[in-house]
Amino acid sequence: MSGKQWLKNRIPFLLTNLLCMAALSVFLLLSGSTRDTIVFILIIWALILCIGLSLSFISAKRRYDRLLRMAEGLEERYLIPEVMEKPKRAEDQVYWQILKMAERSMLEQVENGRRERNKYREYIEQWIHEIKTPITAIRLLCDNNRSDLTREIMGEVEEITQYTEQSLYYARSENTQNDYLIREIRLLDVLHDAVADNKYLLMQNQVVLELPENDLCVCSDEKWLRFILDQFIVNAVKYRSEKPVIRFLAEDRGEYVTLSVQDNGIGIDAADLPRVFEKGFTGQNGRNVLHSTGLGLYLCRKLCDKLGIGIRIESAGTKPAGIEPAGTEPAEGESSGTTVTLIFYLNHLIHQVQD
């Protein structure tokens with residue numbers, strides 16, 4: 001609270017005191033009092049007035065600063081009336097009552113919004129559950145009638161499956177803590193499953209795959225990690241070159257394990273790279289590919305944050321974007337394509353148990 005503004009708000013009070021001091025001086029002069037007596041009385045009045053104003057300002061500043069600190073410490077700041085003490089001054093009580101009314105209205109709005117969001121999420125989950133039945137039927141028909149046409153259909157079915165899974169994970173992304181199963185998993189197993197999810201898409205586009213030779217283990221959720229890798233594979237195919245290659249690299253860096261997905265595609269524009277994890281951002285490449293949604297990497301980043309996985313993305317000649325631990329600077333010399341790296345932090349207690 002500014003002292004200058006506080007004094008400015010009390011100008012009427014100060015002017016009233018000045019008028020009273022002037023009136024008292026005239027009265028004392030007419031009564032025959034000496035000038036020294038009048039000056040002494042005015043000095044005492046002014047001194048008491050200054051002390052009173054100072055104490056009032058200090059008390060008000062402490063009270064309002066405490067309220068500001070309480071408000072800053074609240075996650076939902078509309079709940080400030082719940083932690084406020086009821087004011088003693090009548091005019092402050094009016095504002096306190098207004099805040100209580102605003103709080104009740106806000107709580108009602110928040111609860112209505114939460115109910116609507118839950119209904120929408122339940123609808124999306126139900127719709128995805130229902131749509132999986134015809135997708136499974138199409139897969140069975142194509143498996144029982146193998147031909148070039150059915151292989152092309154299976155490629156499109158895989159793409160439909162990707163979008164439905166993306167919608168499902170997006171709907172559940174705010175409540176992923178209810179669907180965690182953190183355990184030790186083999187990276188090669190998850191990679192094989194992710195490749196199997198997209199096998200027709202990879203075959204149609206004649207993508208060459210290079211899997212890591214070493215078989216490392218990390219602690220994470222297999223289902224969510226598989227979804228993340230699916231997004232990387234789909235993006236690598238979507239923005240492929242004429243002879244697409246996807247290379248998976250797993251490295252044990254001591255305190256953490258990295259899993260990199262490299263492609264030789266068209267890469268990411270330097271101006272777009274810092275924003276690739278933003279919700280709905282498609283960039284220059286997304287404008288060229290009309291069915292780009294801008295949700296894939298956004299969901300990957302959100303899931304990585306919840307799983308405690310670092311993520312970094314880099315493209316030819318551009319500065320990496322993402323979150324990463326110290327000492328994981330990218331290797332130099334990449335000339336084309338995009339590399340997405342996942343960083344799995346290892347707990348020292350797990351090392352002790354394994355040893």
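**Why these labels?**

Student: Leaving aside neighbours within four places in sequence, what is Thr258 in contact with?
Tutor: Thr258 is in contact with Leu249, Ala250, Glu251, Arg253, Thr341, Leu342 and Ile343, those sequence neighbours aside. Contact here means heavy atoms within 4.5 Å. Before we go on: this is a predicted model, where local features need pLDDT of at least 70 and side-chain atom pairs count only at pLDDT 80 or more, while totals for chains, interfaces and linings use all residues. Residues are numbered from 1 along each chain as its sequence is written, and side-chain values use heavy atoms, with hydrogens and water left out.

Student: Why is Thr258 called buried?
Tutor: Thr258, which lies in strand E5, has a relative accessible area of 3%. Buried means under 20% relative accessible area, exposed over 50%, and partly exposed in between (1.4 Å probe, protein chains only). So Thr258 is buried.

Student: And what makes Trp127 partly exposed?
Tutor: Its relative accessible area of 40% falls in the in-between range, so Trp127 is partly exposed. Trp127 sits in helix H5 (residues 90-144). By the way, its C-alpha is 9.3 Å from that of Thr164, 37 residues apart along the chain.

Student: How do you know that Gln206 counts as exposed?
Tutor: Gln206 has 66% relative accessibility, over the cut-off, so it counts as exposed. Gln206 is in the loop between H8 and strand E2 (208-210), and it has a positive phi of about 55 degrees although it is not a glycine.

Student: How do you decide what gets called a helix or a strand?
Tutor: They're DSSP runs, numbered from the N terminus: H or I with at least four residues for helices, E with at least two for strands.

Student: Why are H2 and H3 called roughly antiparallel?
Tutor: The axes of helix H2 (residues 11-30) and helix H3 (residues 35-73) come within 10 Å and cross at roughly 165 degrees. Axes are lines fitted to C-alpha atoms, for helices over the stretch in contact, and angles run from 0 to 180 degrees between N-to-C directions. Under 35 degrees counts as roughly parallel, over 145 as roughly antiparallel, 65 to 115 as roughly perpendicular and the rest as oblique. H2 and H3 are therefore roughly antiparallel.

Student: What classes of residue make up the contact of H2 with H3?
Tutor: There are 14 nonpolar, 2 polar and no charged residues. Ala, Val, Leu, Ile, Met, Phe, Trp, Tyr, Cys and Pro count as nonpolar, Asp, Glu, Lys and Arg as charged, and the others, Gly among them, as polar.

Student: What about H9 and H11: what makes them roughly antiparallel?
Tutor: Their axes come within 10 Å and cross at roughly 150 degrees. That makes H9 roughly antiparallel to H11. By class, their contact has 10 nonpolar, 3 polar and no charged residues.

Student: Which residues have the most contacts inside the largest nonpolar core?
Tutor: Leu187, Leu229, Phe232, Ile246, Leu342 and Phe344, in a core of 46 residues. H9 gives the most to this core, with 10 residues. A nonpolar core is a set of buried Ala, Val, Leu, Ile, Met, Phe, Trp, Tyr and Cys residues joined through side-chain atoms within 4.5 Å.

Student: Leaving aside neighbours within four places in sequence, what does Phe232 contact?
Tutor: Phe232 is in contact with Val261, Leu297, Cys300, Ile311, Val340 and Leu342, those neighbours aside. A second, separate core of 5 residues includes Trp6, Leu49, Phe57 and Ala60.
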